[in-house]
Amino acid sequence: MERYYQPEIECASREQILAWQNERLVQQVRNVWDNVPYYRAKMEAKGLTPDDIKGVEDLHKLPFVTKDDLRQAYPYGLVARPLKDCVRIQSTSGTTGKRVVAFYTQHDIDLWEDCCARAITAAGGTNEDVCQVSYGYGLFTGGPGLNGGSHKVGCLTIPTSSGNTERQIMFIRDLNATILCCTPSYAAYLGESMKEMGLSPDEIPLKAGIFGAEAWSEEMRQDIQNTLGIKAYDIYGLTELSGPGVAFECSAQSGMHINEDHFIAEIIDPDTGEVLPDGAQGELVFTSITKEAFPLLRYRTRDICVLSREKCSCGRTHVKMCKPRGRSDDMLIIKGVNVFPSQIETVLLGQSFAPNYQLIVDRVNNTDTLEVQVEMTPEMFSDQLSHVAELEKKLVDDLKSMLGIYAKVRLVAPKSIQRSEGKAVRVIDKRKI
């Protein structure tokens, strides 16, 4: 039997959902006009005032917001509430080392946790369950979001955070954890580790998993389900919009329901910005209509996907999005962390390297790996061969502090990275997604 955390919202009529969206959008536009000078300037540049926005049908008139805006307005330029009303930040890496910092009032956190509670309930979670949250805690939104959602559902919550696999498995077994929340690659790794210990799916207490923060294929889903003996559910979110729980999968496992009482989704042509009809593939754009501290209007996610309004067997009425099918920018997601080639360029130029490099991304034993191959300058190559190991170590350290993850570095001879039509191929992604 399908369970809902907030049935009156999750199964509301389309008319009711539209009424909420119209009312909240009008309020939110007025909010940013009054409280965020950066937004007001963007609207004025398009000749708009709040009176021009009467409802969702006028959404397309508003200007887009992009990662560039977040960088220019960093840190406080997009905050719509006095800092005394904000109780937390969460953060993710930005394109050139400037981080994306999102702000929350207590009310924002409550609504975010409701969204995560909906996801846990859709995966079958109740107050009888033991929910192990193995997403990272701290600035990353995964741990705090699912932790709060698990509390709201009333699950016994195990806040293991990521890593320390032996301890993870010990808690799953000793405390009879029934729901696992982590990245899909870590779930696969936990499954492999338990298999090596000789545990069959029947001997693993887990029954469901909520996996997000990185792309994963249907094949990977089947593998995880078979190894752990669970049903594996997808979850989607962005720090800019709150974190995981913007959308989540139900028992149908055929796309993720977007929480439309909080977020309005559009699909646009990434080149022209034109809004595309339902069913068309394009770039996903979100407007947050209930966020108080950090409301984003028409935020370009750069995720390519399709929306579907087909009736869902689970009874939920909110629109569904497919798994993102790629990006309209050059961002990579490695171990759940956003990595931009431009960040790597920033580090290389800071150390006087020629910006000729290649990123080799792979997945070994269900864990993402990143190798950065960097061409030495002719001077380095002739003078300092004895210093290669030293230079590599320095780059490893600098990249770790910029990206937040370990990258293997290999210094190579000048002009040895293949050029295609004069332009280097920056990224070779060998993961089978």
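A cavity here is a set of points, on a 1 Å grid over the protein atoms alone, where a 1.4 Å probe fits but cannot get out. Volumes are the space filled by probe spheres set on those points, with points joined across faces, edges and corners.

This is a predicted model, where local features need pLDDT of at least 70, side-chain atom pairs count only at pLDDT 80 or more, and totals for chains, interfaces and linings use all residues. Residues are numbered from 1 along each chain as its sequence is written, and side-chain values use heavy atoms, leaving out hydrogens and water.

**View 1. The second largest cavity takes up about 70 Å³.** Its lining residues (those with an atom within 4 Å of a point) include Tyr-74, Pro-75, Arg-99 and Phe-294.

**View 2. The largest cavity holds about 80 Å³ of space.** Among the residues around it are Asp-108, Trp-112, His-262 and Lys-291. Helix H5 (residues 106-122) gives the largest share of this lining, four residues.

**View 3. Three strands make an open sheet in the order S10-S11-S12, with antiparallel pairing.** Strands S10 (263-268) and S12 (299-305) sit at the edges, each pairing on one side only. Strands count as paired if DSSP finds at least two bridges between them; S10 and S11 (residues 282-288) have six. Look for Ile-268, which stands opposite Glu-283 in S11.

Technical notes
On a 1 Å grid over the protein atoms alone, a cavity is a set of points where a 1.4 Å probe fits but cannot get out, and a pocket is an open set with protein on both sides within 12 Å along at least five of seven lines; lining residues have an atom within 4 Å of a point. Helices (H or I, at least four residues) and strands (E, at least two) are DSSP runs, numbered from the N terminus.
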